Amino acid sequence: MSLARRGRSIGVSGLLLGGAIGIISSTQTWLTVQRADAGAEILVPGASALPLLAPLSLAVLALGAALSITGRTLRLVFGVLAAATAVLLGWSTLQLLVGPSVSAVGATVTETTGLAGDEGLADVIAGIVPTPWPWIALVGWVILLAASVVVLITWRGWKTGGRRYQTDAAARAVATGPVDAIDSWDELSRGTDPTR
């Protein structure tokens, strides 16, 4: 089976998988703060280290679900949005992995220690160590980007949605003459009053 024929299933699955990895990783520990005052390590979850992580992951899940039933134009728009989200989240995650900053852990450290401000935080933070979860999230962003590329390559060749997602002008035409029980039921299903 060619890529063009499997594009929809690959795209939808990739977006859902990437969004799910993002949501799961947002609740896990991304950074461990080692304290200079010999206190217990402070664990920083992904949602605190990268505030856009949870909302953008939810948006990707919604895009993946909607992609399965959208028309031609929205497929292209959703593919572009998903690719842009993958690039943004991937770049932000890489920055945390390469050099975690005090700003990424500041809110959690302040909540734990009660200290605020750059000087106060610098006195308590001895080091910031990433856990494996940012790497797992980075794999999710790669999957998301690959699925987005598949959507952008194959979106024209997808079959259109079923009849339940389309309006049919002929089905809306109002019958003239006697109406039996089946016709009445069909008119009710279309939102038309059969008692006219």
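Which residues form a nonpolar patch on the surface? In this predicted model, the patch consists of Val-87, Leu-145, Val-149 and Ile-153, with about 340 Å² of accessible area together. Helix H7 gives the most to the patch, with three residues.

Helix H7 covers residues 133-154. The helix has 22 residues, and the distance from its first C-alpha to its last is 32 Å, close to the 32 Å expected at 1.5 Å a residue. An α-helix has 3.6 residues a turn, so residues three or four places apart point the same way. The buried residues of H7 are Pro-134, Ala-137, Leu-138, Gly-140, Trp-141, Leu-144, Ala-147, Ser-148, Val-150, Val-151 and Thr-154. Val-149, which lies in H7 and belongs to the nonpolar patch, counts as partly exposed because its relative accessibility is 40%. Val-142, also placed in H7, has a relative accessibility of 54% and therefore counts as exposed, the cut-off for this class being over 50%.

Helix H5 comprises residues 102-113. Between its end C-alpha atoms H5 spans only 14 Å, whereas a straight helix of twelve residues would span 16 Å at 1.5 Å a residue. Within H5, the residues Ala-104, Val-105, Gly-106, Thr-108 and Val-109 are buried. The residue that follows H5 is Gly-114, which has a positive phi, near 85°.

The model also contains an open sheet of three strands, arranged in the order S2-S1-S3 with antiparallel pairing. Strand S2 (42-45) and strand S3 (125-130) are the edge strands, each pairing on one side only. On average, and with direction ignored, neighbouring strands of this sheet are turned by 25° against each other. Strands of a sheet pair through backbone hydrogen bonds, either parallel or antiparallel. Strand S1 covers residues 29-35 and is joined to S2 by four bridges, the two strands running antiparallel. Thr-32 has Leu-43 of S2 as its bridge partner.

Definitions and conventions: Residues are numbered from 1 along each chain as its sequence is written. This is a predicted model: local features need pLDDT of at least 70, side-chain atom pairs count only at pLDDT 80 or more; totals for chains, interfaces and linings use all residues. Side-chain values use heavy atoms; hydrogens and water are left out. Buried means under 20% relative accessible area, exposed over 50%, partly exposed in between (1.4 Å probe, protein chains only). Patches are made of residues with over 30% relative accessible area and no salt bridge: like charges are joined within 9 Å, nonpolar side chains (Val, Leu, Ile, Met, Phe, Trp, Tyr) within 5 Å. Accessible areas come from the Shrake-Rupley method with a 1.4 Å probe; for residues, only the protein chains shown count as cover. A salt bridge is a side-chain nitrogen of Lys or Arg within 4 Å of a carboxyl oxygen of Asp or Glu. The expected span of a helix is 1.5 Å times one less than its number of residues. Two strands pair if DSSP finds at least two bridges between them. Axes are lines fitted to C-alpha atoms, for helices over the stretch in contact, and angles run from 0 to 180 degrees between N-to-C directions.
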